[in-house]
Amino acid sequence: MDTPHYSLFLAITLATLFVVVILLYLVFRIIQKQQQFLRLQRQVVKVEMATLEKERARIASDLHDDLGPLLAAIKYRMAVVTPDAEREQKELDVCAGHLDEAIVRLRQVTHNLLPATLERRGLVEAIQDLATSTEQLHPLKIELITDLCEPLSKESEIHLYRVVQEGLANCIQHAAATCFKITLSSDRRALTLQLMDNGIGISKNLLTEPQRGRGIAGFRNRATMLGGQFTFYSEPEKGTVLTFVIPK
Ligand SMILES: Nc1ncnc2c1ncn2[C@@H]1O[C@H](COP(=O)(O)OP(=O)(O)OP(=O)(O)O)[C@@H](O)[C@H]1O
Ligand SMILES: [Mg+2]
């Protein structure tokens with residue numbers, strides 16, 4: 001190559017290199033900004049969820065500490081009333097029945113807001129409790145399969161419990177299913193929670209139309225908060241499978 005050609009070749013090579021470096025720098029900056037944005041978004045969701053859990057705990061203890069004793073006191077006072085007529089006794093019996101029902105419902109609501117078993121005995125037993133109490137109320141067969149032995153962080157436990165709670169609620173409200181299977185497994189690298197029902201399946205439109213409820217959005221948020229992923233698979237009349245993979 002003679003000198004003028006060589007200089008031109010060198011100039012083009014250098015210019016190309018310069019453009020490539022600039023492009024690489026720009027791509028790097030965009031990725032950096034995106035990561036920053038995702039980190040920020042995750043922090044916002046984290047604060048929102050923590051506030052929600054705190055608020056739930058406050059409502060649960062208000063209900064438990066204020067309304068619980070009040071209902072118990074009414075029940076006690078009613079028991080010492082001696083009515084004059086048989087009709088009055090019947091009315092009192094009906095009221096006592098309603099009161100018992102209110103006490104049971106209050107306990108259920110309080111428990112849903114802040115599951116005591118989760119605090120005391122951990123995720124697996126809390127899910128088992130939830131399954132047992134749900135089976136008593138609904139015609140649904142619930143199966144829990146797990147090989148999880150190690151304890152999880154409190155944060156992971158509460159998120160995973162809320163996911164199971166919402167998955168089960170969705171199954172009862174929307175799926176018309178007869179079976180609900182909860183699988184909680186773990187290996188060296190990740191923890192996998194899978195919720196499976198044999199119901200009507202989630203409509204495909206739901207993937208494109210704006211979110212109607214808060215459940216599915218909550219699944220995504222909770223998975224993101226734990227640094228994991230949420231996916232779902234569903235076919236009409238063949239049920240729904242929700243999968244959460246959370247890194248350890
Ligand atoms: N297991 C399921 N089987 C069939 N359809 C489902 C199932 N889970 C969810 N869906 C459908 O997806 C929609 C969105 O669910 P999502 O939990 O986000 O909201 P929602 O249950 O309607 O309201 P919210 O959870 O806020 O009370 C539901 O309205 C229902 O149509
Ligand atoms: Mg829901």
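Two helices, α5 (154-175) and α7 (215-225), each bring at least two residues to the shell around ligand 1. Here a residue counts as near the ligand if one of its heavy atoms lies within 4 Å of it. Helices (H or I, at least four residues) and strands (E, at least two) are DSSP runs, numbered from the N terminus.

This is a predicted model, where local features need pLDDT of at least 70, side-chain atom pairs count only at pLDDT 80 or more, and totals for chains, interfaces and linings use all residues. Residues are numbered from 1 along each chain as its sequence is written, chains are lettered from A and ligands numbered from 1 in the order in which they are written, and side-chain values use heavy atoms, with hydrogens and water left out.

**Around ligand 1**

- The biggest giver to the shell is α5, with 5 residues.
- There are 15 residues around ligand 1, and N170, H174, D197, R214 and I216 come nearest.
- By class, the shell splits into 4 nonpolar, 7 polar and 4 charged residues. Ala, Val, Leu, Ile, Met, Phe, Trp, Tyr, Cys and Pro count as nonpolar, Asp, Glu, Lys and Arg as charged, and the others, Gly among them, as polar.

**Atoms that pair up with the ligand**

- Taken alone, ligand 1 exposes 590 Å², and the protein buries 78% of that (accessible areas come from the Shrake-Rupley method with a 1.4 Å probe).

**A look at α7**

- Buried residues of α7 are G215, I216, G218, F219, R222, A223 and M225 (buried means under 20% relative accessible area, with a 1.4 Å probe and protein chains only).
- After α7 comes G227, with a positive phi near 75°.

**The strands**

- β1 (residues 141-146) and β2 (residues 179-186) run parallel, joined by 6 bridges; strands pair if DSSP finds at least two bridges between them.
- Across that pairing, E143 stands opposite K181 in β2.
- β2 pairs with β3 (residues 190-197) in the antiparallel sense over 7 bridges, and S186 has L191 in β3 as its bridge partner.
- A hairpin is formed by β2 and β3, with 3 residues between them.

Notes:
Buried < 20%, exposed > 50% of the residue type's maximum accessible area, 1.4 Å probe, protein only.
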